[in-house]
There are 2 protein chains.
Amino acid sequence: MATINDIGVAAAINIVTAFAFLLAFAIFRIQPVNDRVYFPKWYLKGLRSSSIQTGGFGSKFINLDFRSYIRFLNWMPEALKMPEPELVDHAGLDSVVYLRIYLLGLKIFFPIACVAFTTMVPVNWTNKGLDRLRHSNISFSDIDKLSLSNIPNGSPRFWMHLCVAYAITFWTCFILKREYQNIALMRLQFLANDQRRPNQFTVLVRNIPTDPHESICELVEHFFKVNHPDHYLTFQAVHDATKLSELVLTRKQMQNLLDYNINKHMRNLNNRPVIKMGFLGCFGEEVDGIKFYTSAVEGLTREISEEKQRLRTGTKSIVPAAFVSFKSRWGAAVCAQTQQTRNPTEWLTEWAAEPRDIYYDNLALPYVDLKIRRLIVGVAYFFLTFFFMIPIAFVQSLANIEGIEKAFPFLKPLIEVKLLKSIIQGFLPGIALKIFLLFLPRILMQMSKFEGFVSTSSLERRAASRFYMFQFINVFLGSIVTGTAFQQLNSFLNQSANDIPKTIGVSIPMKATFFITYIMVDGWAGVAGEILRLKPLIIYHLKNSFLVRTEKDREEATDPGTIGFNTGEPQIQLYFLLGLVYATVSPILLPFILVFFGLAYVVYRHQVINVYNQKYESAGKFWPDVHRRVVTALIVSQLLLMGLLSTKHASKSTPLLLVLPLLTIGFHIHCKCRYQPAFVTYPLQEAMIKDTLERTREPNLNLKEFLRDAYAHPEFRVGENYDQEMGLEKARSDKSPDLVATKRGSWRNTSLPSKHSYTNSP
Amino acid sequence: MATINDIGVAAAINIVTAFAFLLAFAIFRIQPVNDRVYFPKWYLKGLRSSSIQTGGFGSKFINLDFRSYIRFLNWMPEALKMPEPELVDHAGLDSVVYLRIYLLGLKIFFPIACVAFTTMVPVNWTNKGLDRLRHSNISFSDIDKLSLSNIPNGSPRFWMHLCVAYAITFWTCFILKREYQNIALMRLQFLANDQRRPNQFTVLVRNIPTDPHESICELVEHFFKVNHPDHYLTFQAVHDATKLSELVLTRKQMQNLLDYNINKHMRNLNNRPVIKMGFLGCFGEEVDGIKFYTSAVEGLTREISEEKQRLRTGTKSIVPAAFVSFKSRWGAAVCAQTQQTRNPTEWLTEWAAEPRDIYYDNLALPYVDLKIRRLIVGVAYFFLTFFFMIPIAFVQSLANIEGIEKAFPFLKPLIEVKLLKSIIQGFLPGIALKIFLLFLPRILMQMSKFEGFVSTSSLERRAASRFYMFQFINVFLGSIVTGTAFQQLNSFLNQSANDIPKTIGVSIPMKATFFITYIMVDGWAGVAGEILRLKPLIIYHLKNSFLVRTEKDREEATDPGTIGFNTGEPQIQLYFLLGLVYATVSPILLPFILVFFGLAYVVYRHQVINVYNQKYESAGKFWPDVHRRVVTALIVSQLLLMGLLSTKHASKSTPLLLVLPLLTIGFHIHCKCRYQPAFVTYPLQEAMIKDTLERTREPNLNLKEFLRDAYAHPEFRVGENYDQEMGLEKARSDKSPDLVATKRGSWRNTSLPSKHSYTNSP
């Protein structure tokens, strides 16, 4: 068991790390050369156009104004300054709602921590339950004296824990309900004030049945003209653009290589870059790099426009799905919420997501495929979740000092060094876990994609839900049970289902120190690392050196990133779970969690304002998931407390705890009925109000024109931008002509000295 | 344990009882005097007008044609003659779908029984597993030799049971799926061919919010005119008619008493009936009965029309619910399937049920009340289900011979009489259970009413679902576990949740004989008793003697009854459960179940054709419930077989059984997605087709007129009929003038000799 000293060392390490990150960030962010990494949001909004400020050459890259170094932490109050409504305009509702999850954590846990430290900590401390065990085999630390373990069996003091459990439940439910209400209202207001968007008029229709006599386009047209005669406006077919996507991707790669070669050549004008055609570019015939890639890009561009033409004119590539638009929001709301035909697996309608939110690859999946894919993913997820436990259990049992000493007795003298021991005990278990978890989100995202969701937002929600479940089983239960596995697993397997809460409940107080280190590593240092954006920083500078030639390239080289709902939210939920479970058992955990929530709130608010660029706007559609998971955590905490108390012979107070999960489930059902519809359906009244307003304001609106190509496949749109670019490039060549003009197809017209050398050379 | 002899005696008793019932029915039904009891459906359809046939006075009441007695069983083939489509026209889809549940039983169990008797019975019989136990304490009967208990532990013969379990699962799922498909199709065709009905155009709106500036009527009108401008037609307010209902009920009672007194007077014209005004009509002042009741009826009629006037003109009695009608089925389908406003607890819309199906008392309940009521009923149901077990357990332990002998040793010589012993063992446990269950449906129906459902059909479905759950816990589990409670309860309480299937599984083979007697008493004799209709027969003849004076009165005295979904369906489901559970364990049960399904099918088909008068038509909306319960029974049977086999040390085959519940759940989810929507939603395409057809056929239809008062409170309508009656009575007085003319308010105009004596006497 870790002692207070171990915790102290771990805390010191993590605090130092976190401060190092924050300091590095404070220095990096005021360097103009990093401006695009730390303030990309402003560039995207067009509020900053270039990092090149007044001053000499040096100040282009490095900040020489030393006064700004003194105020290095002033980003924190700045991050908090922007009021919420402005933040909604600036970054969208999704980001604001996401930030409110951290606030929710503060709101829930701050009063709980106050109550716990004024009532339970004294009650726990003034006992000698653990002192009596000092002579037995069970080891414990001073921290455990603050926990419920310190109270002797059958003590009437457990009534206090019962009361606090009730208080926590009521407080949490109260805050949750208020928050759900607020966010539902925010969402409805956001939707009501939102400007005209294609998705307000559009419904995604899937599983259009095939008909030997009619093409899919005709079918869709006829079906909606007949069944929604007064409201149907137009539709947009969905093309199978797999080949086009591949071509576009290849062209992009070729373009990058071309850019790299041109840059290389421009640094040393005498030396024309040469590439080898053989295996991995290491063998074979040598050719002129710039020429080769230029012709490749040209060829691909030709192929792309041919493929586009083929898709546009042909009907073979049309998949049995379509975006059907209506004359009014009312008509779309009706179509999205009703069943169209007898067969509930055909003509499935649902609200279309925003065009940029659509995940086109899955639109064509037929109904049966979806079911089979769901089954396959379910089984795969089961195995992933349960077989992932084995390595974690192994590493964690190693990270236990006694375990290491037993496994590798020759390491004993090394381990017994005081500092090293502390590091191993305080640091390793958390790190081991964290590394394992780094690989996971991508796998889960791929699973969701395979499962067939049709919008990025739903993909992320699904992946988040799977990630949470995974963390619950492997991090939370896994750490609690396998950590003491060698003592308990045997008895655990032979116990009944009813005894599982007991077994887990008993282990919970023993694992408090482990979770404290976990919170410090994952929460404190992790969040501080997030603000440093080390990975985007490095990638940006690499790209900047090798690929960037224009401001536009530089813009593309910046990856502002997104909040990352599928990884971030489950992480927060783990803290909710830990907080609620340990609030009654070992309240010493709560301050650590509060620090996490506070720091993360400030950091993410800063990032949302200055960095992240959300890929889509779902208007906070994920909140029901957040709410459900916090409620689940609450119920788990109640069950585990029940299990723990029942082993403490507190038989008088334990039955009263049974009421709590029932109350909480009732609360959840109530909230679900009352607030969830705001996140799922679009009420007809709202639709009608917006329609009427619009009709009054813009009686001559050409909606058909507005909706045209709104839902075209992104590759079509990318291509168009690209083609436009090629025309527009010349017009923009006033700023840095040497760089801009060489860009892509139009570089031939530039006045570079070596121009002729690579356009006319053989 | 009951032996084969006991079963034989029980079977004999029950077969004799069933035959006695059938014989009595055969004789009663051909007596003209009972014609209205056994053929009320034909009277209601207007195809038989009077039971009085040609012949003398005697043949009015008794069938003197002795040839008809010879053909006394010919109702059976007749019941099967009517083809299904005709039956749908004759009795509605609900009845036909209900009959198909029995057919489903035959389809599932006949092949299973064949397979079981050709494979498992020989396999079980040719073992000596039980013979080895003959010297131990466990008692068993010869019937057990046919069951799985007879196979010694760890025998490879259990592979046979595994295969049969797989075969049963696949066969049952196959039949279930085909049936679901058929019935979904039948429902859709029925709805498509259905004539114009008010409910096709009408949506029930509940929880209309109150507004200080507008009345509810104005609110509804404005809301739907704004939000469904092209489709809204009209609406019908709902009145709180509690007082009116009471008045109408009182008038009916008074009218009955008046009729009784007039009849009494007419039998003996010299003796005017006299009633006492005091307590219970036994003390106090004497007054002339006819005069008193006449004035009472008159007074009440006046009060009723005043109350009606008050309801019609005033707005205070209007509750926040309304029936909103649309110009087209499309408009109604849209409104029923969409959310109207931001607040999902206001302006709740759903398809209106048929006018005669509406349960008006619950329309006014606000949202919060509904939730609270649901909670209260849930708790009450829990206690009802779990505390009802105590008396059953007591009675059943008594019904065990050894139990009785132990409790009342002085009864020993009496009980040991062979025949009596057989009766007690074979008959009592079933009867005891049956009596308990007689009281239940009413309680459950009241619970559903309190819970706030708004249509009779949904009330019945809910009550059925509760009744099934009750039977599952108390009859099925209760009988299995408490029957052997004294041996097993103790060990049971100390076992884990995982071991429950084992414990129950082990008891199952031992209870086969109990369930055989239960099937005979409840199934065979019960069904035969149903066709006899003893209760309606007696009530009809009582009413006929005391209250009936006109043909119309006689019509009202007949109670054709209904199928009684809330009691009948759970009963059938119990047989499905027993059949599936015992199919692999003790196949000897299957023939008994098959006989039940066959007999019940014939009997209920006869009743549906000749007797029952359904109160509403839900177009088979209950089928998803039926399907779900059979699937549940299948899963239970698989779990219990798994539990049983795992105690038999058949460790090689048991894990393979784990696949079955998963497959079955998957099957259920598939069926739910694929077929359930047909029972819940109304596709827009269907609505549009019907609308278009109607518009072509009847371009000048005045829909508003058609819908006017369709959803008026039934008391309004009853009253109108009554008022009309009073006017129409004279016109109908050609048939039996002496009876008709004295009816109700108009009796004063008759030519009865004593007329002046009770209109003019003081």
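How many salt bridges are counted between chain B and chain A?

1. The structure is a predicted model. Between chain B and chain A, the count is two salt bridges. In a salt bridge between the chains, B:Glu686 is joined to A:Arg342, and the closest N and O atoms lie 2.9 Å apart.

2. Polar contacts also link the chains: 16 residue pairs are counted between chain B and chain A, with both residues at pLDDT 80 or more.

3. Together the two chains bury about 3200 Å², of which 57% is on carbon and sulfur atoms. Within chain B, the most area is lost to chain A by B:Gln339, B:Arg342 and B:Gln685, which together account for 21% of what that side buries.

4. Within chain A, strand 5 (residues 318-326) is mostly covered, since eight of its nine residues are buried. Strand 5 of chain A pairs with strand 1 (residues 202-206) of chain A; the two run antiparallel and are joined by four bridges. Here A:Thr202 is placed opposite A:Ser325.

5. Strand 5 of chain A also pairs with strand 2 (residues 232-239) of chain A, in the antiparallel sense and over six bridges. In this pairing, A:His239 stands opposite A:Ile318 of strand 5.

Terms used
Residues numbered from 1 in each chain as written. Chains lettered and ligands numbered in written order. Predicted model: local features only at pLDDT ≥ 70, side-chain atom pairs only at ≥ 80, totals over all residues. Heavy atoms only, no water. Buried < 20%, exposed > 50% of the residue type's maximum accessible area, 1.4 Å probe, protein only. Pairing = 2+ DSSP bridges. Buried area = accessible area lost by both parts, 1.4 Å probe. Salt bridge = Lys/Arg side-chain N within 4 Å of Asp/Glu carboxyl O. Polar contact = N/O pair within 3.5 Å; in protein donor to acceptor, adjacent residues only side chain to side chain.
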